[in-house]
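Here is a short briefing for a first look. Have the sequence and the 3D view open side by side.

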Amino acid sequence: MAVPPMSNDGVPSQLKPPISGDAAAATPVATGVPLAAASLRRGCALDELAFATTEELADLPQLVGQERAVEAIRAGLGIRHRGFNVFAFGPPGAGKRTLIQQLLQAEAATAPTPPDWCYVNNFADPHRPRRLLLPTGRASTLREAMQHLVAELGLALPAAFEREDYRTRREVIDQQFKRRQEEAFGALQHKAEQKSIGLLRTPMGLALAPLRNGEVIPPDLFQRLPGEERERIKSDLEVLQNELETIVRKVPDWEREHRDAVRRLNRDTSSGVVKHLLETPRAAFADLAEIVAYLGEVEHDILEHAEEFIAERREPGDGEAPPTEMPAFRRYQVNVLVDNRGRQGAPIVYEDNPTHQNLVGRIEHIARFGALMTDFNLIVPGAFHRANGGYLVLDAQRLLTANFGWDTLKRVLRAGEIRTVSLEQLLSLASTVSLDPEPIPLSVKVVLIGPPRLYYLLAELDPDFPELFKIAADFDDRIDRSAEAMGLYARLIATGARRERLRPLDRAAVARVIEEAARMSGDAAKLTAEIRGIMDLLQEADHLVEQAGRSVIGSADVEAAVAARRRRADRIYRRFQEEIGRDTLHIETTGERVGQVNGLSVITLGGASFGHPSRITAQTRLGKGEVIDIEREVALGGPIHSKGVLILSGFLGGRFGRTGPLSLSASLVFEQSYGGVEGDSASAAELFALLSALADAPIRQCLAVTGSVDQHGRIQAIGGVNEKIEGFFDVCRARGLAEGQGVLIPAANVQHLMLRQDVVEAAAAGRFSVTPIETIDQGIELLTGVAAGAPDATGVYPEGTLNQRVAVRLSASARRIAALATPGAERRPRRRRQGEDE
Amino acid sequence: MSDFDIRRVVIACDVQDEIETAVREAAALAARWGVPVHGVFLQNENLRRLAELPFGRPVSLSSPGATPDFGTGELEALFSAFGAEMRRVLAEAAEAAGLDWSFAELRDVPSAAADALGAGDILVLEARAGVHAGAWHPRSPWESVAHDLGGMVLLRRGEAGGRRRVVLVLGAASGDHARSFDATRALTQARDEIALITIAAPEASTDAAPEPALTAAGIRPTTIEQAAGIAEITARIATLDPRLVVIETAALSSEALQALIAKTRCDVLLVG
């Protein structure tokens with residue numbers, strides 16, 4: 001049967017706890033004998049919890065056991081220098097976001113409220129909108145002042161241009177212009193008429209023609225005129241034609257002068273109105289030199305374009321857009337990008353979708369007459385704008401998968417300014433004219449939240465990362481199970497229950513939750529820091545209580561929730577158990593076998609882990625001392641598993657090959673394993689199978705083994721010990737528990753035991769055992785019932801011991817090989833010694 | 001009351017720059033009254049003669065140094081093109097407004113006038129300043145004879161701006177002005193201010209001011225003045241700065257009328 005990839009210890013190697021440290025901290029246990037039932041599960045005694053229900057417990061202000069992360073975050077928030085941004089990482093559900101939110105809120109509340117930012121038109125270069133910095137809350141005041149100004153100008157300027165004095169002065173200018181033309185053309189026309197020549201308008205311009213009785217002289221009549229007269233007419237026409245051309249050439253100059261004069265008049269007329277209307281905003285912003293300068297530019301521009309206010313004027317109530325929305329007046333608007341009016345303290349911004357545009361903002365366009373137009377009013381702020389002067393919190397995984405999110409974040413943090421630019425421009429994919437707004441200086445503390453893997457990958461692969469994120473807030477995945485910690489954990493449960501509006505838990509329920517927290521941590525001496533898992537459990541228990549119509553969550557409800565959760569996730573596990581029960585997966589739990597042992601594996605799928613036994617077998621033959629790992633040969637074994645097998649070779653060589661080469665080869669395999677095998681927790685079992693095969697000593701199949709081994713034969717701790725024991729227990733129980741059934745585990749793992757209650761009860765009844773071992777010799781004795789035997793001073797093992805049997809077998813193999821290597825040896829068989837293999 | 005009734009708006013053009021504007025404004029007037037619009041394009045005979053003469057090349061107003069060819073062939077082509085363009089613009093404007101329309105091309109002013117000024121017609125003449133010649137241009141043949149055409153002739157100058165004032169220049173206060181009042185009412189809008197200038201005859205009396213007749217025609221003048229001569233009338237009009245001046249042609253001599261028209265910048269309605 002094909003099975004999913006599995007791990008022999010259930011813990012990714014790079015995240016493995018430092019086993020030596022754990023082992024060092026372990027309480028010494030008696031090895032080689034079954035553990036007492038009390039050692040199989042560290043229950044939470046009710047007298048450790050001094051309350052009746054969680055209603056009595058005060059809220060816990062922050063997470064338990066994350067002091068390191070808290071200290072790091074506080075340091076990151078406190079150091080104002082560039083690059084001291086925070087990367088908070090830890091297991092999912094550890095409450096990172098909640099803790100960061102709490103710390104940020106506390107920090108932000110006392111931080112100064114940042115100023116406002118806005119974009120205004122750059123009158124000198126409209127494609128580069130200007131940024132304006134204003135004290136907190138005053139950007140919107142400026143925007144309203146400018147809206148009011150434009151609205152007032154829309155009324156006051158046309159009124160000024162309709163006043164009598166303006167119209168009189170305009171009339172004078174127009175008349176001067178007209179008079180100039182009339183005088184010039186009139187004089188020419190008069191002069192022409194004196195000579196009976198008329199000035200006509202043709203489709204191609206003005207023309208001069210001889211007249212008779214007010215009409216152009218007919219051509220035939222002209223031809224009949226005396227030659228002298230024709231010449232005179234031609235001569236007169238030529239002179240007048242030159243004069244006409246001279247006048248026409250002057251017309252554009254006159255028109256320009258006329259326009260200039262009108263513009264000067266308009267400026268003079270507008271000036272008083274504009275100055276008067278600007279007095280209020282100037283007074284309101286007199287303390288801000290940049291705004292005063294901007295208002296000066298506004299004044300200049302309005303005076304230059306005063307006619308537009310008249311042209312754009314609309315009668316009130318005719319349904320047109322307000323003046324500020326009219327195209328000509330949009331340039332006087334103020335685009336408030338960041339308005340901190342009413343804010344107390346610094347902003348905290350969470351950006352769920354940290355794409356390039358959502359970070360630095362975007363420049364929108366509007367369709368006008370079929371073309372896409374934009375201006376500074378269409379600049380939309382991004383998360384950096386909103387968080388400027390405060391804190392920006394991002395999910396690292398989303399940032400890395402969002403469109404150019406990571407690159408943009410780094411670029412902005414390195415530059416220390418926000419440059420709003422479209423992706424097309426950034427990638428040089430578009431050559432259309434767009435805006436290039438003045439960048440806005442940035443002062444922000446970025447907090448990234450992500451899994452540890454991402455932190456380590458970035459630290460290793462991105463050289464910019466350490467420069468930009470100097471603070472690592474490493475959230476622990478578990479906390480010590482001290483008496484104080486359990487009290488705090490109870491408060492944490494109470495706080496979470498209240499926050500989620502759950503019913504209160506009684507003391508026994510809290511105790512059961514704490515036990516489950518220890519189980520989730522995989523260590524009886526620890527509690528999981530993955531609070532989300534605990535809260536999920538509480539919510540499920542609350543649901544059961546609600547259905548039962550009770551008001552307090554009891555331990556039975558928690559137990560039921562744990563069971564239900566386990567049941568939902570155990571389909572694959574049940575399938576394994578079923579196939580073992582039907583002997584499709586062959587696992588022996590009684591009897592004895594040479595070269596065969598029950599190893600234990602852990603499979604982790606979708607967050608659920610379960611253990612099951614695997615049949616490990618060994619075969620030996622003549623050879624050169626190599627141990628063949630069949631899993632590795634067919635590329636099903638991972639590197640750590642292969643390492644474990646190579647350690648076996650080291651052990652065998654060290655123990656039995658000191659005086660000569662090992663003349664025997666062995667092969668090891670996980671029978672009926674069709675997926676990958678990784679981890680070294682089966683290395684002890686593999687060595688037991690090998691020794692059994694070499695010594696021809698059968699192994700008791702009622703026992704299963706887990707543990708890794710070093711080259712000196714010492715048994716080392718592994719992960720997933722609880723799941724592994726329970727996996728074998730379930731197989732045995734399904735067949736009816738038989739005498740002697742149990743599991744050998746590394747002594748260093750005793751402290752991690754947090755077994756199910758039914759396993760504990762079976763152990764208490766003497767129907768199942770868990771036996772810690774420290775050495776290979778200890779294990780092989782328990783498995784075979786044969787003494788391992790210690791070598792004497794000359795390195796010789798006592799007769800009949802398992803090691804002696806192995807040594808004899810290896811020695812016999814060496815001689816056999818030597819004999820085979822000698823020509824003719826095959827024809828001269830020697831007499832066999834007792835105990836030697838053929 | 002008179003039997004005043006506008007039955008047709010006639011737009012008259014010759015070769016000029018502003019055909020589209022003139023036609024659309026005429027169509028707008030016709031739409032306002034719900035009457036057909038008729039276009040008359042005058043192929044000025046004097047231009048034909050000029051084209052046949054061996055001199056007198058036109059001076060381009062847009063590029064004074066250029067001397068374009070101007071022969072009979074070029075002129076006929078231009079007449080044809082202008083005529084076709086005017087017909088097209090007229091058709092589009094009329095159809096857009098849901099009006100009936102007709103069009104004629106004629107060679108001389110008398111026959112054009114006969115076509116253009118039937119009973120109930122109002123002739124709209126485009127008389128605004130040329131684009132390239134600034135505020136000055138030689139008069140078109142239509143403008144030259146506008147005051148002699150009789151009937152009702154509207155000279156469009158396009159300088160009304162946002163003004164809301166209309167001035168009526170009437171003959172003797174005691175005369176019959178019903179046609180002028182009706183024409184004024186037809187061309188005024190609700191918010192217009194009506195100013196009335198009567199030409200004071202030596203024997204005229206202010207008691208004979210035509211207020212009852214105005215009121216009966218739905219006109220409520222805000223200003224009633226008397227003026228003794230053309231200079232005074234011109235000065236008053238300049239002061240009032242109206243968007244439209246309605247002039248009874250019979251009240252003034254031809255010379256006085258020409259002078260008044262020449263010195264008035266806004267639209268002028270001549271009521272003959």
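β3(A) pairs with strand β4 (residues 130-134) of chain A in the antiparallel sense, over 5 bridges. Strands here are DSSP runs of E, at least two residues long, and helices are runs of H or I, at least four long, numbered from the N terminus. Two strands pair if DSSP finds at least two bridges between them. This is a predicted model: local features need pLDDT of at least 70, side-chain atom pairs count only at pLDDT 80 or more, and totals for chains, interfaces and linings use all residues. Residues are numbered from 1 along each chain as its sequence is written, while chains are lettered from A and ligands numbered from 1 in the order in which they are written.

**Pairing**
- Tyr119(A) has Arg131(A) as its bridge partner in β4(A).
- β3(A) also runs antiparallel to strand β8 (residues 335-338) of chain A, joined by 3 bridges.
- There, Cys118(A) is partnered by Val336(A).

**Burial**
- 5 of the 5 residues of β3(A) (residues 116-120) are buried, so the strand is largely enclosed by the rest of the structure.
- Buried means that 20 or more other C-beta atoms, placed from the backbone, lie within 10 Å of the residue's own.
- Asp116(A), Cys118(A) and Val120(A) cover one side, and Trp117(A) and Tyr119(A) the other.

**Contact between chains**
- Chain A gives 32 residues and chain B gives 27 residues.
- Contact means C-beta atoms, placed from the backbone, within 7 Å.
- α7(A) gives the most to the side of chain A that touches chain B, with 9 residues.

Methods. A residue is buried if 20 or more other C-beta atoms lie within 10 Å of its own, exposed if 12 or fewer, and partly exposed in between; C-beta atoms are placed from the backbone. Two residues are in contact if their C-beta atoms, placed from the backbone, lie within 7 Å.
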